Amino acid sequence: MNNNSSKQVLLSVIGVAILVVAVVGVSFAFFSYSVTGEEANTVQTGTIVFTGSSTRMNVTNAFPVAAATADVVEDDTNPNVGYATVSVKGNTTYDSGIDFNVRATNISAGGTYDGKAIKPTVTVDVSTSLPEGVTVTSDHTDGALSGTAEVLAAGKISKNAAEMTTEVPVLTIRAFYDITKYHISDTPETITNMLPAGWDATNGVIVPTDTWNTLSAYSFKIEINAVEGGSARLPGDVA
Amino acid sequence: MENNVKKGTILSVIGVILVILIVVSVSYAFFSYTKTGETSNQISTGEISFKFIDGNEINLTNAFPISTAEGVALTGENNVCTFVIKGNIAKGDIDYTITAVEGDSSSDPTKTKRFYDEGIFMYIESDEVEGVSFTPTEGYDEGKAIGSLPLVLGTGTVSARTETSRTFTVKMWIDDSVVKIKDREENTDTTDSIYTSGEYMSLYYSIKIKVEANA
């Protein structure tokens, strides 16, 4: 009797144990697998460094001068010729390089006299000593600026351009009143298409007249833009 | 008196014998029968295998924002990631999940800043294979922003009874619908512009592919 009871107890215990194992076994998959690839997939951006700046021309009471006179001005001390230089610095790891342009913006309308527009002649000269890997071209024709904004020059800094530690001059911009258009007459004669600056007949000297000063008020800004990838633009310094 | 003692003794012996017989008889049937069935009853494990085989990895350098269409169309070495899932199971299915998880920091010492999750798009594609199904997470079969990691790119099932492979291609790029360079002329920060040119430089982004399976 005791043995039967013992067996019954033993069988009961085994039965419960099997039941527990069966219940627990339902909760776990019999197979599982988890692997993360060893190689990383990466995207990295490159480097684009570009800065540009220009000096500012500020000429008041300018008198007309000859183009040949303006062409040889090499600094901003000439009283009749505005002079400014544009400089850039850049390097990039992108194969496309850095495209940039120089624009005249906010071009004022200027004055008129006797129905004729009074505007200075602006000339743009590309530097003859550009760093290796830097190219600049200008399609501006010597003459008045057109519209309210005009591209003065376009350039490119290639991926392999010589390293530039400082900004280098790439453009020289001059502005003057062309004497063939705005003639200072030594007599108070009216000459076709020419405008007298002012003649003090009493003292025989040329003096700026209020009218001339008013009419010669003309301004524009120089803006430098770097264009990467054809459609994107990076901020550039504005003179 | 002697007769009583004898009777008692005999009864005791008989009693003991009976007890012995009873005890012994518990262990033996008076009739026994044994026959072994002719057909075996058996249980055995089935074959199950599953492998993730890593292939080409993406290694885009000097990356610039491109359109979603251009990103989906990327091809060639270093531009796409490929890997293979191979498996079979004798009965039932193996369920698997493909996930993009954060990768290692860049080995380039100049690339110290991680790019934005929102600016990186991913795309996954895989040709149909009988026995190995796959359903991409919505949007990632057309190109979609990662948003955040880890990212489940899709799930599938291996039901093939013999070993079967399925190849996957994953693409990753900086999408110009999200990552915009400040427009110089407009000179404004658009609300969806997430960086300026200064912040764009020398950034990296890295993911790894993780595959998990259960049956």
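Helices (H or I, at least four residues) and strands (E, at least two) are taken here as DSSP runs, numbered from the N terminus. In this predicted model, local features need pLDDT of at least 70 and side-chain atom pairs count only at pLDDT 80 or more, while totals for chains, interfaces and linings use all residues. Residues are numbered from 1 along each chain as its sequence is written, chains are lettered from A and ligands numbered from 1 in the order in which they are written, and side-chain values use heavy atoms, with hydrogens and water left out.

Chain B holds three helices and eleven strands, laid out from the N terminus as α-β-β-α-β-β-β-β-β-β-β-β-α-β. Of its 215 residues, 34% are buried, meaning under 20% relative accessible area (1.4 Å probe, protein chains only). Take the contacts (heavy atoms within 4.5 Å) in chain B between residues at least 6 apart in sequence: 83% of them link residues at least 24 apart.

Helix H1 of chain B spans residues 2-27 and includes B:Ile10. Together with B:Leu11, B:Ile14 and B:Leu18, B:Ile10 makes a nonpolar surface patch of about 390 Å².

Over in chain A, strand S11 (residues 168-176) is mostly covered, with eight of its nine residues buried. S11(A) runs antiparallel to strand S4 (residues 82-92) of chain A, joined by seven bridges, and here A:Val86 sits opposite A:Leu171. Strand S8 (residues 121-126) of chain A also pairs with S11(A), antiparallel over six bridges; pairing takes at least two bridges found by DSSP. In S11(A), A:Thr172 is the residue opposite A:Asp125.

Methods
Patch = residues over 30% accessible without salt bridge, like charges linked within 9 Å, V, L, I, M, F, W, Y side chains within 5 Å. Areas by Shrake-Rupley, 256 points an atom, 1.4 Å probe, with all protein chains shown as cover. Salt bridge = Lys/Arg side-chain N within 4 Å of Asp/Glu carboxyl O. Buried < 20%, exposed > 50% of the residue type's maximum accessible area, 1.4 Å probe, protein only.
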